[in-house]
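Biologist: Before we go through the labels, please show me the model and tell me how each term is decided.

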Amino acid sequence: MRLSSAFRRYHRQLAIVMCLPLALTIISGMAYPIFSEWLSLNSVAGFLVQVHSGRIFGLQGIYPLLNGLGLAGLLVTGMSMTSLSRQRSMKDTLSGSRSKKVAPDYIER
């Protein structure tokens with residue numbers, strides 16, 4: 001298996017796993033100031049803080065760490081895929097291999 005396809009696979013799997021925790025963190029973090037300061041609903045704001053920190057799930061000690069590690073993993077795999085594709089295009093440019101341009105079907109030859 002090529003390295004780029006392995007990074008794509010890891011990135012895809014990590015994105016699926018991290019989707020729900022990151023969405024909860026983002027939504028609760030954005031909603032907190034709205035409910036606490038704009039609407040003065042402190043009970044809802046308190047609930048949002050519990051969701052944001054993972055206290056509601058009993059994961060307050062590890063939830064932020066897992067979110068951070070998941071984001072770091074997504075960043076590393078995403079950046080490595082970007083640099084791998086950039087290296088491939090530079091190799092093609094240096095070797096002088098160019099793809100043959102084909103005219104679209106709607107243009108008569």
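Modeller: Start with accessibility: buried means under 20% relative accessible area, exposed means over 50%, and partly exposed is in between, with a 1.4 Å probe and protein chains only. This is a predicted model, where local features need pLDDT of at least 70, side-chain atom pairs count only at pLDDT 80 or more, and totals for chains, interfaces and linings use all residues. Residues are numbered from 1 along each chain as its sequence is written, and side-chain values use heavy atoms, with hydrogens and water left out.

Biologist: Why is Phe57 called partly exposed?

Modeller: Its relative accessible area is 45%. Phe57 sits in the loop between helix H2 (42-53) and H3; helices are DSSP runs of H or I with at least four residues, and strands are runs of E with at least two, numbered from the N terminus.

Biologist: What makes the ring pair of Phe57 and Tyr63 tilted?

Modeller: One aromatic pair is found in a search of the whole structure. The ring centres of Phe57 and Tyr63 are 6.3 Å apart and the planes are at 45°, so the pair is tilted. The rule is that rings of Phe, Tyr and Trp (its six-membered ring) pair if their centres lie within 6.5 Å; planes under 30 degrees apart are stacked, over 60 edge-to-face, and the rest tilted.

Biologist: How do you know whether Tyr63 is buried or exposed?

Modeller: Tyr63 has 7% relative accessibility, and the limit for buried is under 20%, so Tyr63 counts as buried.

Biologist: Why is Ser36 called buried?

Modeller: Ser36 is at 14% relative accessibility, which is under 20%, so the label is buried. Ser36 belongs to helix H1. Leaving aside neighbours within four places in sequence, Ser36 is in contact (heavy atoms within 4.5 Å) with Asn42 and Ala45.

Biologist: What makes Val17 exposed?

Modeller: The relative accessible area of Val17 is 56%, and exposed means over 50%, so Val17 is exposed. Val17 lies in helix H1 (residues 3-38). Val17 and Gly70 are 53 residues apart in sequence, with their C-alpha atoms 8.6 Å apart in space.

Biologist: How many helices and strands does the protein chain have?

Modeller: The protein chain has three helices and zero strands, and along the sequence the pattern is α-α-α. Of its 109 residues, 21% count as buried.
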